[in-house]
Amino acid sequence: MASEPDTEEAAATFGPEEVGLATRNHGMPLEALRYEITPPGLHYLLIHFDVPAVDPDAWRLEVGGAVARPLSLSLADLRAREAASAPVTMECAGNGRAYLDPRPVSQPWGQEAVGTATWTGVPLRAVLAEAGPTEAAVEVVFAGLDRGFDGGEEQDYARSLSMAEAGRDDVLLAFGMNGTPLPPQHGFPLRLIVPGWYGMTSVKWLRSITVVDRPFEGYQMTHAYRLRQTEDEPGTPLSRIQPRSLMEPPGIPDFLTRERFVAAGPCTLQGRAWSGWGPVERVEVSTDGRSTWADAELGPATGPSAWRPWSLVWEAAPGEYELCCRATDSAGNVQPLEAIWNVGGYANNSVQRVQVTVR
């Protein structure tokens, strides 16, 4: 069994700011991979600023900017429209950040910043069509009610999409999660859901949708959520989720180290895989620390924008093992074996490594 880490070393590894972030945000326990649809309380959660207090009777969604017909919609107005529902796997762009070396200081995610919920709402495309974007329209800006400082700038949390992305059939203005109203922490009364994109795009607590005639230059677009090797370079913006496979932890854990203990004999390894670039077409499993790989059996995906289950039976003999899994999507993207470092600690989709002792 792994020894208990030195407390001084642990304190030097994670600073008080990161510990504070970790206590107010939470990942999905990986044993929750057993659920095809993640219960709301287990779904990962990242809140940039504060959960705003919202009076649902007074709340309005303002749709304006470069449109022919500005709109002011109540929650009742939105609920009265034809609704759509879809299961969507959502993942934080910082998932895997804690494994980078040196580690960027931010929310210290392991690999648990993911979840799949069934979101219900109004297709964004229909609302935009009613407002009537003008010929000058270039992007759509989504602003939330959550306000704070990031990078030294005071701001509402806001992000934009191109007109083409905003006009996709599957983008929702969601007021429901798993058949119930949105919980406060997940964006009540209304949030954006952009399937296939990292979670920073799905703005919560929506207050306004503004069609603009030039690219939006807010902090969350021009500085945050960009892949770059130095602070000085502009980098490239994050968008779609890179392929990832995660294994439901086998056996039973040690409380502190989370090392797994498995009984000898047939052991079914299972998990789920997803990608924002296309359906997952292959999942491979290694039981010898990435030296050799075997194809897992794939089950049907939960939905076009949701994860796909996989399983493999392992004949476990006594000893120490490192179990790994990796996904390949229909676009040919494969999980890397090693992490690719960047300033913000984003999109680290290197293969999961699970330490197991077979008894």
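E62 stands opposite S208 in β10. That pairing belongs to a predicted model, in which strand β1 (residues 61-65) runs parallel to strand β10 (residues 206-212) over 4 bridges. The two strands are part of an open sheet of 5 strands with mixed pairing.

**The five-stranded sheet**

- The strand order in this open sheet is β2-β1-β10-β5-β6.
- Because β2 (71-73) and β6 (153-162) each have a single partner strand, they stand at the edges, and one side of each is left without a neighbour in the sheet.
- From one strand to the next, the twist averages 25°.
- Helix α4 (residues 124-131) lies across β1, β2, β5 (139-150) and β10, and runs at about 135° to β2.

**Nonpolar cores**

- The largest nonpolar core comprises 64 residues, and L61 and W119 have the most contacts inside it.
- Strand β7 (residues 172-177) contributes the most to this core, with 5 residues.
- A separate core of 19 residues lies apart from it and includes M247, V283, W310 and A316.
- Neighbours within four places in sequence aside, L61 contacts L71, S72, L73, L78, L173, L190, L206, R207, S208 and I209.
- In soluble globular proteins, nonpolar side chains tend to be buried together.

**Two buried residues**

- T38 is located in the loop between α2 (16-24) and β1.
- With a relative accessibility of 0%, T38 counts as buried.
- Residues up to four places away in sequence not being counted, T38 touches M28, H43, G115, T116, N178 and W307.
- A166 belongs to helix α5 (residues 163-166) and is likewise buried, its relative accessible area being 0%.
- Although A166 and V140 are 26 residues apart along the chain, 7.0 Å separates their C-alpha atoms.
- V140 is also one of the residues that A166 touches, together with L124, R125, L128, L161 and V171, when residues up to four places away in sequence are not counted.

**Aromatic pairs and charges over rings**

- The model contains 4 aromatic pairs.
- One of them is formed by Y44 and W109, whose rings are edge-to-face, 6.0 Å centre to centre and with 80° between the planes.
- Y44 lies in the loop between α2 and β1, and W109 in the loop between β3 (84-91) and β4 (114-123), so the pair ties together parts that are 65 residues apart in sequence.
- Y44 and W109 are both buried.
- The charged end of R103 sits over the ring of F14, at 4.3 Å from the ring centre.
- For R326, the charged end sits over the ring of W293, 4.0 Å from its centre.

**Strand β17 and its partners**

- Strand β17 (residues 280-286) is largely enclosed by the rest of the structure, because 5 of its 7 residues are buried.
- β17 pairs with strand β21 (residues 319-329) in the antiparallel sense over 6 bridges.
- Within that pairing, V283 stands opposite A327 in β21; V283 is also among the residues of the 19-residue core.
- β17 also runs antiparallel to strand β18 (residues 294-295), to which 2 bridges join it.
- In that pairing, E284 stands opposite D295 in β18.

Notes:
Residues are numbered from 1 along each chain as its sequence is written. This is a predicted model: local features need pLDDT of at least 70, side-chain atom pairs count only at pLDDT 80 or more; totals for chains, interfaces and linings use all residues. Side-chain values use heavy atoms; hydrogens and water are left out. Two strands pair if DSSP finds at least two bridges between them. Axes are lines fitted to C-alpha atoms, for helices over the stretch in contact, and angles run from 0 to 180 degrees between N-to-C directions. Contact means heavy atoms within 4.5 Å. Buried means under 20% relative accessible area, exposed over 50%, partly exposed in between (1.4 Å probe, protein chains only). A nonpolar core is a set of buried Ala, Val, Leu, Ile, Met, Phe, Trp, Tyr and Cys residues joined through side-chain atoms within 4.5 Å. Rings of Phe, Tyr and Trp (its six-membered ring) pair if their centres lie within 6.5 Å; planes under 30 degrees apart count as stacked, over 60 as edge-to-face and the rest as tilted. A charge sits over a ring if NZ of Lys or CZ of Arg is within 6 Å of the ring centre and within 35 degrees of the ring normal.
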